[in-house]
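Please keep the sequence and the 3D view at hand while reading.

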Amino acid sequence: MIQYKVGINLSGGQRQRVSLARALYSNADIYLLDDPLSAVDAHVGAHIFKHVIGSKGLLNGKTRILVTHGVSHLHKCDDIIIISQGEIVDHGLYNDLIQRSKILREFVHSVALSEKEQYQHEINDIERRQSISTPPTELVSNPLEITKNDVQQTELQPITVEIEEEKKKLIQKETVQTGSVKLRIFSIYIRACKSSMITLLTIFFCLTTFVTLCTNIWLSKWTDKSTKNDTSSSLSNSRIRDMNIYSALGLTQGFLAFVMHFVLKLAAYIAGRKLHWIILIGVLHSPMSFFDTTPVGRIINRFAKDIDSIDTALPNAFSQALTTLITVVATLIILIYGSWIAIFELIPLTILFAYVQRIYISSSRQLRRLDSVTRSSIYANFGETIHGLSSIRAYRVQQRFIDMSDNFMDRNQSCNFASSVANRWLGVRLEMISNLIILFTAITSVFLRDHLTAGTVGLMITYALQITNSLNLLVRTSSEIETNIVSVERINEYAELNPEAPWEIPAKKPSPHWPTNGSIQINELSMRYRENLQLVLKDVTVNVEDGEKIGIIGRTGSGKTSLCSALFRIIEPTTGTIIIDNIDIRFIGLHDLRSKITIIPQDAVIFAGTVRFNIDPLGNCSDAEIWNVLELVHIKERVILMENGLSYLLAEGGQNMSAGERQLLCLARALLRKSKIFILDEATAAIDMETDRLIQLTIRSALKDATVLTIAHRLHTILDSTKILVLSDGCVQEYDDPIRLATNSNSAFAKLLHDANIRPSDITMVLTSRRSNVSS
């Protein structure tokens with residue numbers, strides 16, 4: 001059974017724990033664990049290894065293959081396989097390999113532990129585990145219980161808090177409007193079409209209708225003339241003249257109809273572009289809380305189906321509606337022109353027609369809304385299935401996801417079936433009304449035969465026979481307009497989302513060289529992700545001087561990443577202030593702030609494109625500068641071996657690179673920006689220990705004048721930091737020099753060092769080694 005690091009809306013450590021729990025639940029015989037402890041802190045990592053992966057854990061008796069860059073748990077493994085350059089170079093027990101394998105010794109050395117000290121730590125750890133060992137029966141009955149009360153309180157309480165907090169982060173249900181579409185929605189679409197286009201459309205509609213009436217009335221008059229037995233030579237000339245007039249009216253009608261439809265299509269094109277732009281701006285400027293509560297399938301649905309309805313379905317519905325409306329208006333006028341008695345026949349039929357139309361449009365409109373909402377589930381499920389396809393196949397649950405997709409499709413198609421039934425219901429009633437119009441027209445023609453000419457009667461009967469299709473099309477197209485205008489309603493919903501703060505505030509725009517120093521003052525900062533959630537940061541007060549290197553540690557969910565989000569104003573603070581170089585970041589534009597701070601996220605972001613584009617998206621740097629940063633992050637040789645070098649095409653998400661290589665590219669992209677403030681959020685979690693050590697040296701040398709905030713679960717990554725910030729449950733637990741914290745046996749940092757087998761003397765050794773390397 002394969003266990004990968006996948007998941008959404010969770011921190012890195014939470015995703016890995018959920019993925020590991022899923023693997024345990026499958027109860028397989030063989031487990032392939034792809035570094036599941038890389039994103040959890042030392043406490044949680046030791047706890048998971050002891051109670052899950054270790055010899056007395058839940059997987060006792062199963063075959064476990066653990067792929068890892070860490071060395072803290074190697075001595076607890078039954079066999080170690082060392083791989084280098086794609087080949088197995090050695091394998092055996094830890095005590096044997098530590099003597100003969102240079103690669104393993106370099107790994108151990110990378111965490112600044114000598115062989116003698118490491119062996120002593122192993123003995124101490126074995127003795128400690130033996131002294132607190134739990135019988136296997138107790139592990140089965142309560143596998144997550146920890147015998148030490150202090151560890152139990154510090155580990156299980158945050159997990160409980162996280163679970164309770166996650167209950168509040170449920171995806172909010174998609175809203176479905178009811179009732180008729182508001183006139184405001186129609187006005188939004190009309191304004192998007194531009195008033196000048198609507199004016200032209202109205203003028204050409206009236207002209208087309210007028211010319212259509214003139215054409216048909218002239219035909220009726222011409223027919224009456226031909227029934228007279230006039231053989232004079234003037235009759236021949238009259239027929240030629242009448243034919244020319246009829247031809248001119250026909251050509252004029254065709255030209256005006258063409259211009260009318262051209263103006264309509266042009267107005268729809270303008271409206272489509274404008275509505276697409278406003279929804280794009282609305283989504284791009286939305287705060288992160290919107291993306292936390294909105295599945296990506298809903299967003300794709302608005303940009304796909306709803307935009308398609310506005311671009312194609314709605315213009316076609318308007319075009320067909322105008323054409324049909326011209327025919328219906330012409331028919332009614334001709335019927336009244338033939339006999340004013342038709343008014344009394346048409347009034348009750350018009351009332352009946354309006355009643356049938358009202359019932360049909362109400363049902364059709366709501367079915368269209370349900371169709372749009374149920375389609376979002378299809379998009380979301382499809383995207384999640386593609387994203388987790390490897391896990392779905394590994395756990396052999398393909399049929400479950402197929403059934404889930406079928407259920408979503410069935411629910412969506414049930415709306416289409418109901419819509420077809422409503423259309424058939426409408427068709428029967430409209431045919432009845434049309435037949436009544438034909439009947440009344442025929443009766444009127446018979447009773448008024450002495451007052452009507454043959455041409456007029458023929459014209460009335462001809463148009464009465466056409467009214468069936470015309471009325472049917474009119475109702476369907478008007479219904480199609482109202483059902484498709486729902487797409488404008490849904491797009492406007494996203495266009496009116498509460499946006500983030502302005503990107504630029506001209507009156508408060510900082511200097512182009514800001515920040516010049518990189519000092520950060522955080523004063524009593526409190527923050528929550530949404531109004532109905534608990535505080536994730538509580539009265540955090542931290543002072544960071546120019547050029548300091550701050551290591552930020554804490555349990556999963558303690559607020560480390562939330563603190564970085566506050567620096568970028570991805571989440572606005574509830575109370576408190578953040579001041580960077582004497583400027584309160586609340587009062588400047590988001591672009592002015594975010595463009596001056598560089599972050600290397602935990603999950604590497606790689607775009608489909610060349611290596612050059614991914615490192616320098618804006619094209620501001622030369623190839624020499626790009627090669628320089630690639631060398632600094634120790635990936636230059638790998639890029640040289642790629643086909644076309646910097647022009648090598650990367651797949652979407654960097655799928656044709658390893659996780660570590662993707663992270664190194666993100667690091668190179670960050671170094672190229674040369675900011676004064678850098679934030680590293682588990683930037684080297686997917687990189688082996690030796691490369692991590694070299695990169696840390698690079699960061700210290702290349703960013704020696706910059707302020708660096710490093711979030712890490714690998715404690716050796718932050719041992720040489722200026723200060724250590726320990727967060728717990730959103731509060732500052734400790735903030736001091738690492739040596740001072742390490743020598744205090746009661747500090748949380750000292751306990752984390754103890755769990756990671758790191759002593760205060762090791763910190764001094766690392767500080768001396770790295771600072772000497774940086775100076776050299």
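This is a predicted model: local features need pLDDT of at least 70, side-chain atom pairs count only at pLDDT 80 or more; totals for chains, interfaces and linings use all residues.

**Helix packing and selected local features**

The crossing of helices α13 and α15 is left-handed. The points below take up helix pairs, a surface patch, salt bridges and the backbone in turn.

**The pair α13 and α15**

- Helix α13 covers residues 342–387 and helix α15 covers residues 398–447; their axes come within 9 Å and cross at roughly 165°.
- Because an angle over 145 degrees counts as roughly antiparallel, α13 is described as roughly antiparallel to α15.
- The residues in the contact of α13 with α15 comprise 24 nonpolar, 11 polar and five charged ones.

**The pair α20 and α22**

- Helix α20 (residues 623–632) packs against helix α22 (residues 659–673) at an angle of about 125°, and the two axes are 9 Å apart.
- The helices α20 and α22 are therefore oblique to each other.
- The crossing in which α20 passes α22 is right-handed.

- Which residues make the nonpolar surface patch of about 710 Å²? They are I336, W340, I341, I343, F344, I347 and I351.
- Helix α13 supplies the largest share of this patch, with four residues.
- One member of the patch, I336, is located in helix α12, which spans residues 296–338.

**Salt bridges**

- Side chains of opposite charge can pair when their charged atoms come close.
- The structure contains 14 salt bridges.
- One of the salt bridges joins R184 and E496, whose closest N and O atoms are 3.1 Å apart.
- This pair connects distant parts of the chain, as R184 and E496 are 312 residues apart.
- R184 belongs to helix α8 (residues 183–193), whereas E496 lies in the loop between α16 (454–495) and β6 (520–527).

- The peptide bond joining W514 and P515 is cis, with an omega of about -5°.
- K194 is found in the loop between α8 and α9 (195–226).

Methods
Residues are numbered from 1 along each chain as its sequence is written. Side-chain values use heavy atoms; hydrogens and water are left out. Axes are lines fitted to C-alpha atoms, for helices over the stretch in contact, and angles run from 0 to 180 degrees between N-to-C directions. Helices (H or I, at least four residues) and strands (E, at least two) are DSSP runs, numbered from the N terminus. Angles under 35 degrees count as roughly parallel, over 145 as roughly antiparallel, 65 to 115 as roughly perpendicular and the rest as oblique. A crossing is left-handed if the near helix is turned anticlockwise from the far one by less than a right angle, and right-handed if clockwise. Ala, Val, Leu, Ile, Met, Phe, Trp, Tyr, Cys and Pro count as nonpolar, Asp, Glu, Lys and Arg as charged, and the others, Gly among them, as polar. Patches are made of residues with over 30% relative accessible area and no salt bridge: like charges are joined within 9 Å, nonpolar side chains (Val, Leu, Ile, Met, Phe, Trp, Tyr) within 5 Å. Accessible areas come from the Shrake-Rupley method with a 1.4 Å probe; for residues, only the protein chains shown count as cover. A salt bridge is a side-chain nitrogen of Lys or Arg within 4 Å of a carboxyl oxygen of Asp or Glu.
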